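Hi,

Here is the structure I promised to pass on.

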Amino acid sequence: METFTYSAHPSRVVFGSGTVSVLADEVRRLGGRRVLLIAGPRHRALAETALGDTSVAHFGGAAMHTPVEVTEQALSAARDDDVDTIVAVGGGSAVGLSKALAARDGYDQIVVPTTYAGSEVTPVLGETREGVKTTRSGPEILPETVVYDVDLTLGLPAELTLVSAVNALAHAVEALYAADANPATSAVAVEAVTRIGAGLPAVRARPADPDGRSDLLVGAWLAGTCLASAGMGLHHKLCHVLGGSFGLPHAHTHTVVLPQVMRYNAAAAPSAMDRVAAALGVDDAPSGVFDLVAAADGPTDLADLGFTEDDVPRAVDLALRQEYPNPATVTREGLTALLADAIVGRRPS
Ligand code: NAD
């Protein structure tokens, strides 16, 4: 008989095309009047128009892995303009900064994700201080409202689309073999893999295909809820080390590492691998994911991302520093071999 404990994380989700136009209403719905907008040049004007006179301040300097120095600058802007609500439009970096501000001053948050990172539905904040990335979690970190506007993703470049979608895929894969997996997270994870598996080829053929883009964004949302509710294993711990301590780009790193970790875990998690393979329509999940990436000319090796054999011992030390549940036992030898394969991009067999 199954036993499990499951916590869902409450957020309001608005999904569709053109939904950015609801931003001012959503601010008022939360009782907000003064917004700090976090957005890069690509989305700033659109968001400011949608926010109207609720927009009183802007910050455009969000950076990957949420460096605390950047958060301090944005915090000054928020305090100087006496804001009550943060609206973040962008990828996981913009969302991470929004969460960092909410964690400090308790602002309400409305986030409009433009990549597939999934951070918008998790109560987790990763921050980098002096080259070390730490995470913390709490209800104040979870954005109150998520506005998914498929239109904002139509122009996401091909490589970014691929790596970000594989980043989402990783949340779903690890949820399927998580020690605390449950029927809800597993069903959602399978649907996420199915949507991502359908969306990637559609968008590769026609980058602005609204249905393919919708599949990817729905997949990203569902995979994000898996990340929020199921404990992640070796893949996420390793990517956390590679991003936080070696400065490797988040989604690219996930894309290279995922098939290697799936092979590492495959024998210990056969049912999860079967479900992933069935959802993707491939015979073998680890090599199927590798082939999906390679066929789209995506990154398959860590060497291209600047990670070398000399970096392996420190990465292994850091990845072994904390214990975490993972289907296969995580050993120094195993991790060293996995990273050696990832450096050269060896196809999992
Ligand atoms: P990102 O936000 O840095 O975006 C990557 C690049 O894509 C940037 O140059 C950005 O300007 C560009 N971009 C974003 N949207 C675009 C669009 N629609 N069109 C064209 N270009 C666009 O990277 P990311 O991969 O989305 O997020 C990574 C960050 O999110 C990392 O810091 C990671 O740790 C964090 N993250 C956190 C969680 C969590 O639950 N805490 C989950 C996933 C990711």
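The chain splits into domain 1 (12–153) and domain 2 (158–344), with bounds that come from an automatic or database domain assignment. Their C-alpha centres are 25 Å apart. Domain 1 puts 21 residues into the contact and domain 2 puts in 25, where two residues touch if their C-beta atoms, placed from the backbone, lie within 7 Å. On the domain 1 side, that makes nine nonpolar, 10 polar and two charged residues; Ala, Val, Leu, Ile, Met, Phe, Trp, Tyr, Cys and Pro count as nonpolar, Asp, Glu, Lys and Arg as charged, and the others, Gly among them, as polar.

Before you go further: this is a predicted model, where local features need pLDDT of at least 70 and side-chain atom pairs pLDDT 80 or more, while totals for chains, interfaces and linings use all residues. Numbering starts from 1 along each chain as its sequence is written.

UniProt, in an unreviewed entry, lists residues 10–149 as "domain: Alcohol dehydrogenase iron-type/glycerol dehydrogenase GldA"; its positions follow the numbering used here, feature names are shortened, and annotations may be inferred rather than shown by experiment. That stretch is 32% helix and 31% strand, with its end C-alpha atoms 19 Å apart. Helices (H or I, at least four residues) and strands (E, at least two) are DSSP runs, numbered from the N terminus.

Now helix 13. Its buried residues are L335, L338, L339, A342 and I343 (buried means 20 or more other C-beta atoms within 10 Å of the residue's own, exposed 12 or fewer, partly exposed in between, with C-beta atoms placed from the backbone). They cover an arc of only 140° around the axis, so they sit on the same side of helix 13; the arc is taken over the directions from the helix axis to the C-beta atoms. What do they pack against? The buried residues of helix 13 meet helix 9 (250–266) and helix 12 (312–320). The face turned away from that buried side carries the exposed E333 and V344. Just past the helix, G345 has a positive phi of about 70°.

Further along, in the segment after helix 13 (332–344), comes S349. Its C-alpha is 6.4 Å from that of S287, 62 residues away along the chain.

Two non-glycine residues with positive phi are worth a look. T66, at about 45°, is in the loop between strand 3 (55–59) and helix 3 (68–80). T66 is buried because 25 other C-beta atoms lie within 10 Å. D297, with phi near 60°, is in the loop between helix 11 (285–295) and helix 12. D297 has 11 C-beta neighbours inside 10 Å, so it counts as exposed.

Cheers
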